[in-house]
Amino acid sequence: MSEGSARREEILQAAARLFADEGITASIHQLADACGILPGSLYHHFDSKEAIVVELVARYRADLDSVADEALAGAGAASPEERIVGLATAIAACAIRHRAAVVLTYFEPPTRSGEELSMSAGIDPGVSTRRALTKVLQGTSADGFLQPEIDSVAFASYLWQEMVQIAMRRYQTASSDQRMPELKCRILLHGLAAQRFEPAGTTKALEAADEAMATWDTAVAPDEDPKRTAIVAAARAEFARRGYEATTVRDVASAAGVSARSTYRMVGSKEELLVATMSGYATYVLEGWKRVIAAERPAVETIDALSWLYLNALDRFSEEHKIQFQTLTRSPNPSTQSNWAFPTQLRMLKDCLDEGTRSGDLGDRPAGLDLWARTVFALLHTPETTLKELGPSDAFALTRATVLNGAARRG
């Protein structure tokens with residue numbers, strides 16, 4: 001490799017680390033400092049910061065294509081379960097290798113982005129791997145490995161999202177990057193429940209979730225200043241569309257039709273805008289958890305109800321959910337409710353899983369309690385794409401059929 005090529009590779013690697021931590025708004029000066037060179041020297045290798053972003057995304061897409069090709073080339077070389085787990089974990093490993101590209105492609109590019117970056121952001125990087133995963137699932141279904149009610153196309157899309165989201169989640173530990181993908185796969189294939197969970201109707205835990213959801217009120221308070229309401233709504237939409245990091249107060253002010261000065265005066269800083277957009281949502285979700293847990297139902301019933309709660313929260317508060325997804329990746333303000341609620345939820349889930357194992361309601365614990373709880377917590381957050389493709393009822397049926405009962409036939 002020539003000296004110029006080696007330096008170019010060093011810049012890309014430094015940019016990947018920086019963008020994964022700071023987002024697309026990281027400056028050329030920050031990137032130059034990370035590389036140990038002057039900003040002007042970067043332009044000997046790349047025309048712009050956007051050109052670096054475009055190349056990082058293109059590398060991610062090409063790597064996913066290679067994963068798909070390799071999986072299809074060796075499709076019959078292992079057992080049905082190992083073919084599924086092998087491809088799914090390879091997708092997760094690819095996403096982790098390209099963590100910056102995953103983060104960069106989750107949101108729309110900044111308002112002032114050039115044409116090349118805008119076009120690159122519009123290309124779905126996962127087409128080839130989802131197609132390969134669908135073929136593998138269809139093959140194993142034909143072999144009698146999967147439950148007959150499992151839709152291979154829907155399950156492939158769901159499993160793909162679950163694997164890729166591992167690269168964005170803050171709530172896994174550093175060591176779980178390598179362990180969580182396989183654990184997710186095994187849970188989705190074999191389920192958490194010791195026995196198939198097939199309630200005849202609603203359950204006490206689901207009733208508790210429904211009662212919590214009945215308290216969700218998005219109506220604007222009558223004494224709320226209309227201009228402030230418009231600013232907060234604009235901030236919510238812009239943070240969800242382009243990400244917190246890439247959105248400026250000027251972007252929010254422009255979307256709300258007010259001046260930046262008015263935005264600062266009526267709401268405050270960018271961090272205060274975030275708190276204003278998220279406070280109600282975070283409270284609703286946490287209170288919903290507490291109601292479901294307080295019902296003191298068996299673990300399988302509780303986990304089922306928490307899944308239903310999150311699906312409805314995602315359906316009702318899609319913008320807040322997307323913002324939270326990013327703040328769980330890198331929080332601009334660790335004191336916001338969407339972040340401090342997580343330790344409380346994780347602790348409650350650990351207790352639920354531990355009790356379920358001891359009572360025999362759940363199967364044997366496949367990992368340490370902390371990693372298991374973090375993995376189940378991730379699975380409770382049904383991907384937004386799955387909800388959009390299937391709708392709340394069918395998405396809930398899919399999560400129950402996989403997370404609780406397992407997609408694979410039971411022996």
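Biologist: Why is Phe-396 called buried?
Modeller: Phe-396 has a relative accessible area of 11%, and since buried means under 20%, exposed over 50% and partly exposed in between (1.4 Å probe, protein chains only), Phe-396 counts as buried.

Biologist: What kind of model is this, and what do its features need in order to count?
Modeller: This is a predicted model, in which local features need pLDDT of at least 70 and side-chain atom pairs count only at pLDDT 80 or more, while totals for chains, interfaces and linings use all residues. Residues are numbered from 1 along each chain as its sequence is written, and side-chain values use heavy atoms, with hydrogens and water left out.

Biologist: How do you know what confidence the predictor has in the protein chain?
Modeller: The predictor's confidence in each residue is its pLDDT, on a scale from 0 to 100, and for the protein chain the mean is 85, with 88% of the residues reaching 70 or more.

Biologist: What makes Arg-7 and Glu-10 a salt bridge?
Modeller: A salt bridge is a side-chain nitrogen of Lys or Arg within 4 Å of a carboxyl oxygen of Asp or Glu, and the closest N and O atoms of Arg-7 and Glu-10 are 3.0 Å apart, so the pair meets the definition. Both residues lie in helix H1 (residues 3–22), three residues apart, about one turn of the helix. Arg-7, at 28%, and Glu-10, at 41%, are each partly exposed. In general, side chains of opposite charge can pair when their charged atoms come close.

Biologist: Why does Glu-238 count as buried, and how is Arg-241 classed?
Modeller: Glu-238 has a relative accessible area of 8% and is therefore buried, whereas Arg-241, at 31%, counts as partly exposed. The two form a salt bridge, with their closest N and O atoms 3.0 Å apart, and both belong to helix H12 (residues 226–242).

Biologist: How do you know that Lys-290 and Glu-287 form a salt bridge, and how far apart are they along the helix?
Modeller: Their closest N and O atoms are 3.7 Å apart, so the pair falls within the limit. Being three residues apart in helix H15 (residues 270–294), Lys-290 and Glu-287 are separated by about one helical turn. Elsewhere, salt bridges that share partners join Arg-8, Glu-9, Glu-55 and Arg-59 into one network, and the structure holds 23 salt bridges.

Biologist: Why is the pair of Trp-289 and Tyr-310 called edge-to-face?
Modeller: Rings of Phe, Tyr and Trp (its six-membered ring) pair if their centres lie within 6.5 Å, and planes under 30 degrees apart count as stacked, over 60 as edge-to-face and the rest as tilted; by this rule the count comes to nine aromatic pairs. The rings of Trp-289 and Tyr-310 have their centres 6.3 Å apart and their planes at 70°, so the pair is edge-to-face. Trp-289 lies in helix H15 and Tyr-310 in helix H16 (residues 299–316), so the pair ties together parts that are 21 residues apart in sequence. Trp-289, at 0%, and Tyr-310, at 5%, are both buried.

Notes:
Helix = DSSP H or I, 4+ residues; strand = E, 2+ residues; numbered from the N terminus.
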